[in-house]
Amino acid sequence: MTAQSPRIGIIGTGAIGGFYGLMLARAGFDVHFLLRSEYAAVRDRGLHVNSSLHGALKLHPVQAYANPADMPPCDWLLVGTKSTGNVELAPTLAQVAAPGAKVVLLQNGLDVEDSLREHLPASLHLLGGLCYIGVYRSAPGVIEHQALGRVNLGYHSGTAANNEALQQVIVEEGAALFHQAGIESQAMASVHLARWHKLVWNGPFNGLSGLLGTGTTG
């Protein structure tokens, strides 16, 4: 990466944040991880991903933080926390965001961006990130990647709200980060419509698997 390469912050280093953060760091990006209960484990032993696609991956040392006040300002913030805590998370995002930063919600749910927008500084761009991936955490700092990995991005709101050309530039910049990490990514014209599509896609993997007491491999 060059000196102009963006600094990336992972807010919530669980299965989703840990996987994508590790992949971006391995691609050479300057990635910083905010953790809670697993901070000590990741600081001491690093992040591990056991992937059916990429093999056994390890990132150590990890630029890990338990306190957002210790993080440097980040140009991109990838949020992997549960959407139910978005309002409470807003001050943390504002604290670690560089001027004009892009906040990407890597979360399930419909219109999760709406509840967060009014609590963020107007200068921050808010994007939706839809993750098509099979991944879970098996131990502190250990992630099992079963399949897929694509991330689709769409612009939700911010200072580019009335400038479609600038929105496209921002979304394509985000997709390029993932591409450089070996992850498929594409721009979405409508975050709202894309989240409905994702909900339909999730149905067989979540609802039917739970109802039938089975997985998705057979």
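Which residues have the most contacts inside the largest nonpolar core? I8, Y20 and L24 do, in a core of 40 residues. Before the close-ups, note that this is a predicted model, where local features need pLDDT of at least 70, side-chain atom pairs count only at pLDDT 80 or more, and totals for chains, interfaces and linings use all residues. Residues are numbered from 1 along each chain as its sequence is written, and side-chain values use heavy atoms, with hydrogens and water left out.

**View 1. The largest nonpolar core, seen around I8.** A nonpolar core here is a set of buried Ala, Val, Leu, Ile, Met, Phe, Trp, Tyr and Cys residues joined through side-chain atoms within 4.5 Å. Buried means under 20% relative accessible area, exposed over 50%, and partly exposed in between (1.4 Å probe, protein chains only). Helix α1 (residues 15–26) gives the most to this core, with 8 residues. Helices (H or I, at least four residues) and strands (E, at least two) are DSSP runs, numbered from the N terminus. Setting aside neighbours within four places in sequence, I8 is in contact with residues including L24, F29, C74, W76 and L177; contact means heavy atoms within 4.5 Å.

**View 2. Strand β7 and its two partners.** With 7 of its 9 residues buried, β7 (residues 97–105) is largely enclosed by the rest of the structure. Strand β6 (residues 74–79) pairs with β7 in the parallel sense over 5 bridges, and V79 has L105 as its bridge partner in β7. Strand β8 (residues 125–139) also pairs with β7 in the parallel sense, over 4 bridges, and there L105 is partnered with G128. Two strands count as paired if DSSP finds at least two bridges between them.

**View 3. Helix α3 and what covers it.** β6, helix α3 (residues 86–96) and β7 make a right-handed β-α-β unit: with the strands pointing away from the viewer, the path from the first strand over the helix to the second runs clockwise. The buried residues of α3 are N86, L89, A90, T92, L93 and V96. Their cover includes β1 (7–11), β2 (30–34), β6, β7 and α4 (112–117).

**View 4. Q167 in helix α5.** Is Q167 buried or exposed? Q167, which sits in α5 (residues 164–180), is buried, with a relative accessible area of 17%. Not counting residues up to four places away in sequence, Q167 touches Y155, A160, A161 and N162.
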